[in-house]
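Subject: Structure for you to look at

Hello,

Here is the structure to go with your sequence. Please open it and read the notes below alongside.

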Amino acid sequence: MKPVTASACVLFAIAIAIETVVWITFLRGLKSRHPEQWMHAAQPARWHDRTVLSARSTMLYLLTREFMDSIDEAGARYCSRYRAILLLAYWCTVGAGIAAVVALAVES
């Protein structure tokens, strides 16, 4: 594997890790501090290790600013505070993934 390809793959793995940490931190805070906003975001009522959570659905919720339609003002402010960092982490992961795939395709 060429150094550029290896770097792209490592960058993708790091981006996934950062996105996951930020996303899980956001979801834990949302569920514990703002349960009404959690339900408005259509997250499962019971969240366990086997519950499927979708980063994409969370990002769409923040991207389209659906959180502003909630009656939980504190929850909406919480979502607003995390919106930029979550979207940045998400799109950096997408970009790093594309770069890794392109690097792998070019190397082959």
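Contact here means heavy atoms within 4.5 Å. Among contacts in the protein chain between residues at least 6 apart in sequence, 68% join residues at least 24 apart.

This is a predicted model: local features need pLDDT of at least 70, side-chain atom pairs count only at pLDDT 80 or more, and totals for chains, interfaces and linings use all residues. Residues are numbered from 1 along each chain as its sequence is written, and side-chain values use heavy atoms, with hydrogens and water left out.

The overall picture: the protein chain has four helices and zero strands. Helices (H or I, at least four residues) and strands (E, at least two) are DSSP runs, numbered from the N terminus. Of the 108 residues, 36% count as buried (under 20% relative accessible area, 1.4 Å probe, protein chains only).

Now α3. Its buried residues are Ala55, Thr58, Met59, Tyr61 and Leu62. They sit on the same side of α3, because they cover an arc of only 155° around the axis (taken from the directions from the helix axis to the C-beta atoms). These buried residues pack against α1 (3-33), α2 (35-40) and α4. Just after α3, Arg65 takes a positive phi of about 60°.

Which residues make the contact of α3 with α4? From α3 come Arg56, Met59, Tyr61, Leu62 and Leu63. From α4 come Cys79, Arg83, Leu86, Leu87 and Tyr90.

Best wishes

Notes: Buried means under 20% relative accessible area, exposed over 50%, partly exposed in between (1.4 Å probe, protein chains only).
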